[in-house]
Amino acid sequence: MEYIFDWFRVLYQETGINLPFLYDEYDRNRMVEGFFTTIWLSLVCLFFSAIIGIIGAWLQGSSFKWTRRIVNGYIQIFRNTPPLVQLYFFYFAIGTLLPRVDNDWGGQSPILGSFAWAAISLSFFAGAFNVEIFRSGIEAVPKSTVEAAEALGFSKLQIYRDITLPLAFRVVLPALNNNLVNLVKTTTLAYAIAVPEMLYEANQIWSDNVNVTEMMVFLLFAYFLLVGILVGAMNRWERAMKIPGYGG
Amino acid sequence: MSYKTDLPVMLQANPHAPEPFLGLKLWHILPIGLIAIFGPGLAFAQSTNEAQSPLSVLLDWAPLLLKGFAFNLIISFCAMALGTIIGGILGLGQISLLAVTRHSSWFVTQFFRNAPWLVLLFFAMFLLPFEMNVFGFKVPFPDWLKAILGLSLPVMANVSEIVRGAVRSLPSGQWEAAESLAYTRLQTLWLIILPQCIKRMLPPWMNLYSILTMATVLASIVGVNEVMTLTGQALASEGGRPELLAPFYGFILLLFFIYCYPIARFTVWLEKKYAFIT
């Protein structure tokens, strides 16, 4: 491994192509940490946005007019405003209103850090899309299927858990994957509030080493590969989960 | 008439109609938005009597912020126009008969579709020169122009996919019928396929435009003087008062919402209108 890393140092000395995140251990650790922060942020947002989506879809089927209206309002507001402004709004406007706590160094720090705000903001953003996706999936399950299950004596919970949800999940999987890919791409916005994710770390490295071109090209390929692998895996999953003789 | 029985054989039909946004008309957005912004402002105004209230500060800055927002819209128009032209060509390249053209267009499309918008914007910002030598003249290359180029890259890739998807969604009988009537490929594409595709492309294209408009604020991160940058500067020049943050950022949210929500509604309406025409 060291041999490969050293080769990149030689590459720099010979050609001037500077890739410090490969041969320099400090920069390498930064980059790896940035990569895992991106993945971690995506996973956290994926989890919470899915929960928001499920609860929202359930609330949209509520018989209370105002519950449905509030959920609709949430969806429209988060879908039609820029995610960056939402992030700023959460981080700067709401973040400053919250109480501050004493930290380990005797100073004061906000109760929620930038990572937490990025996770909250992006979860709400992706969740707004998920509500619509889940709702359309539940509506896509034919009424006759539910009626057949009722006729077989399934309880309401059983129908939801064993009939509606598995079918709906397969229907919405493409849209859900699309949203997930968008979410991974949107995590770059967390750069704006100094969450140490991949773009932020790359920015740090190019500020230290003045190798903007190399870092930019690397970053493009890194995201291309990350998203490409994700899309490929999701497509395989979609094919494996396909309902035979149902839809295209 | 209805009967009370233990066994409801026939259920009352209860159609679930999609509701309009909060059951409100379009013009209701304005008063609600105003309350949303000025509500917290008024609440804070009681505590800070000696300083100017957040409401009046926001009113002072509103013309400048609106100018910044207009600049955002200009960026979005230009990036959309540029991206649509190049993306259209790229999309047609994806359905080309030449394998080389098809595969290279596919790769370019996928590459720019998979990269985050912000990374592409950084890419354009830092790697394009600040001025160019054209026939001995030094042509300056300002930030906003670079932002337009940077934003048009993902638009291009998405338009390319929209074009490809629309052409692929047409029944192959259209191609075969045109061929049997001795149309050339170019004629088929221009006279038969594309006119039918326009209808299919319009809703996703408008959706993309709405996404692009919301992405123009990203240009603030790389230092273009648009509405977000101006907001930051306005807040700084007011001395960074924390009670100003919510009204100002809320104002920007409202601006974008007023602009993008009608577009979204119109897109949904178009989708419904064209849904049954195949």
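Biologist: How many of the nine residues of helix α6 (residues 172-180) of chain B are buried?

Modeller: The number is zero, so α6(B) lies largely in the open. Please keep in mind that this is a predicted model.

Biologist: What does the backbone do just after α6(B)?

Modeller: B:A182 takes a positive phi there, of about 65°. B:A182 is not a glycine, yet its phi is positive. The residue belongs to the loop between α6 and α7 (185-215) of chain B.

Biologist: Is B:A182 buried or exposed?

Modeller: B:A182 counts as exposed, because it has 7 C-beta neighbours inside 10 Å and the limit for an exposed residue is 12 or fewer.

Biologist: Stepping back, which elements make up chain B?

Modeller: Chain B holds nine helices and two strands. Read from the N terminus, their order is α-α-α-α-β-β-α-α-α-α-α.

Biologist: How do strands β1 and β2 of chain B pair?

Modeller: Strand β1 (residues 131-134) and strand β2 (residues 137-140) of chain B pair in the antiparallel sense, over four bridges. One of the residues involved is B:V134, whose bridge partner in β2(B) is B:F137.

Biologist: And what lies between β1(B) and β2(B)?

Modeller: Two residues separate the strands, which form a hairpin. In the turn, B:F135 has a positive phi of about 50°.

Biologist: What share of chain B is buried?

Modeller: Of the 278 residues in chain B, 34% are buried. As for contacts between residues at least 6 apart in sequence, 74% of those in chain B join residues at least 24 apart.

Biologist: Now the confidence: what are the scores?

Modeller: The model has an ipTM of 0.83 and a pTM of 0.82. The average pLDDT of chain B is 83, and 83% of its residues score at least 70.

Biologist: How many residues of chain A are in contact with chain B?

Modeller: There are 32 residues of chain A in contact with 32 residues of chain B. On the side of chain A that touches chain B, α4 (65-79), α5 (83-97) and α10 (212-241) of chain A each supply at least two residues.

Biologist: Which element gives the largest share of that side of chain A?

Modeller: That is α10(A), with nine residues. By type, the residues of the side of chain A that touches chain B comprise 19 nonpolar, nine polar and four charged.

Biologist: Is A:V210 buried or exposed?

Modeller: A:V210 is exposed, because 9 other C-beta atoms lie within 10 Å, where 12 or fewer is the criterion.

Biologist: Last topic, helix α1 (residues 2-15) of chain A: what span should it have?

Modeller: With 14 residues and 1.5 Å a residue, α1(A) should span 20 Å. The end C-alpha atoms of α1(A) are 20 Å apart, which agrees.

Biologist: How many residues of α1(A) are buried?

Modeller: Of its 14 residues, zero are buried, so α1(A) lies largely in the open.

Biologist: Which residue just after α1(A) takes a positive phi?

Modeller: A:G16 does, with a phi of about 85°.

Key:
Residues are numbered from 1 along each chain as its sequence is written. Chains are lettered from A and ligands numbered from 1 in the order in which they are written. This is a predicted model: local features need pLDDT of at least 70, side-chain atom pairs count only at pLDDT 80 or more; totals for chains, interfaces and linings use all residues. A residue is buried if 20 or more other C-beta atoms lie within 10 Å of its own, exposed if 12 or fewer, and partly exposed in between; C-beta atoms are placed from the backbone. Two residues are in contact if their C-beta atoms, placed from the backbone, lie within 7 Å. Two strands pair if DSSP finds at least two bridges between them. Ala, Val, Leu, Ile, Met, Phe, Trp, Tyr, Cys and Pro count as nonpolar, Asp, Glu, Lys and Arg as charged, and the others, Gly among them, as polar. pLDDT is the predictor's confidence in each residue, from 0 to 100. The expected span of a helix is 1.5 Å times one less than its number of residues.
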